[in-house]
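Work through these exercises with the model open beside you. Try each task before you read its solution.

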Amino acid sequence: MCIRDRHRTSATGRNPLQGPADYVARIHRSRLLQIPRMVLLELKPFKSAFDLWVVETHRRLAPKAEQIALADGSGLMEYCYIHNDMYWGNFVYDADDQLRAFIDFDKVEVGSWLYEVGCAAALCATTAENVRRFVKAYEQEAGTALDLDAMVLAMYAKTMRSALWCVHAHINRRASDRAWLAGWGAHLERCLSGIEEYTFDR
C-alpha cells in the first residue's frame, strides 16, 4: 500500500532530489585549518588522475545539484516502504547470475518507490540500451508503465549524489581503498553518460 502526499518530500521530510545538493554543502563545509579542502586539492601541484577527476566532477556537478533539487518531482510523490540502499553489495546472485535477494535492511524507510526504481536503474545505466532493457523488464514484471521523466530525474539524482559522495570521501581521506573509490567513480561517470544518452534518445 503506497501513500500519496501532496508535498515534494518523503515521509521523513526530505526531498528525494535533494541528495546531490546536500553533498555539495558537505564538500563546501570540509575544511583543514579553515581552508576549504577542495581548494587545497585544486592547488595541489602534482595531482593524480583521480585528483583531477574529483576536481572536474565537483566543478561540473555542483551547479547541477541545485537544479536537480529544484526540479519538478511531482512524479515521485507516491510512497511506500523502500530498501533505501541500492548498491551492488546488497544484491545476492546465484551461480547463474540471477538475482535472488536483497540484504542489508538497516536503512529501510517510507519513501518514493519510483525514486527507488530510478536508483536501481542508475546502477546499470552505463549505456542507454541498458536503461531501455531495465525499463522494459520492470514494466513487464510490474504490469504497469513507469513515469519515465520522473525516473530519469531519480537516476540523475542518485548518480550525482554518489559521484559527489566520492568527491567528499576523497578530499576528507575517508576511503581506505583509493583504487576502489577511483573504480566506483569511473563507473558513475559512465552511468552519467548513459543516462544523458538515454534522455536524448527517448
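**Exercise 1. Decide how far helix 4 is enclosed, and find what covers it.**

Solution. Helix 4 spans residues 113-123. Of its 11 residues, 10 are buried, so the helix is largely enclosed by the rest of the structure. Buried means under 20% relative accessible area, exposed over 50%, and partly exposed in between, with a 1.4 Å probe and protein chains only. Helices (H or I, at least four residues) and strands (E, at least two) are DSSP runs, numbered from the N terminus.

Next, list the residues. The buried ones are Leu 114, Tyr 115, Glu 116, Val 117, Gly 118, Cys 119, Ala 120, Ala 121, Ala 122 and Leu 123.

Last, look for the cover. It includes strand 4 (78-82), strand 5, strand 7 (109-112), helix 5 (128-142), helix 6 and helix 7. Contact here means heavy atoms within 4.5 Å.

A note on the source: this is a predicted model, where local features need pLDDT of at least 70, side-chain atom pairs count only at pLDDT 80 or more, and totals for chains, interfaces and linings use all residues. Residues are numbered from 1 along each chain as its sequence is written, and side-chain values use heavy atoms, with hydrogens and water left out.

**Exercise 2. Classify the ring pairs of Trp 180.**

Solution. The structure holds seven aromatic pairs. Rings of Phe, Tyr and Trp (its six-membered ring) pair if their centres lie within 6.5 Å; planes under 30 degrees apart are stacked, over 60 edge-to-face, the rest tilted.

Step one: Trp 165 with Trp 180. The centres are 6.2 Å apart and the planes stand at 80 degrees, so this pair is edge-to-face. Trp 165 sits in helix 6 (residues 148-171) and Trp 180 in helix 7 (residues 178-201), so the pair ties together parts 15 residues apart in sequence.

Step two: Trp 180 with Trp 184. Here the centres are 6.3 Å apart and the planes at 15 degrees, so the pair is stacked. The two residues are four apart in helix 7, about one helical turn.

Trp 165 is partly exposed at 30%, as is Trp 180 at 38%. Trp 184, at 12%, is buried.

Step four: join the pairs. Ring pairs link Tyr 87, Trp 165, Trp 180 and Trp 184 into a cluster.

**Exercise 3. Where is Tyr 93, and is it buried or partly exposed?**

Solution. Tyr 93 lies in strand 5 (residues 91-93). Its relative accessibility is 40%, so Tyr 93 counts as partly exposed.
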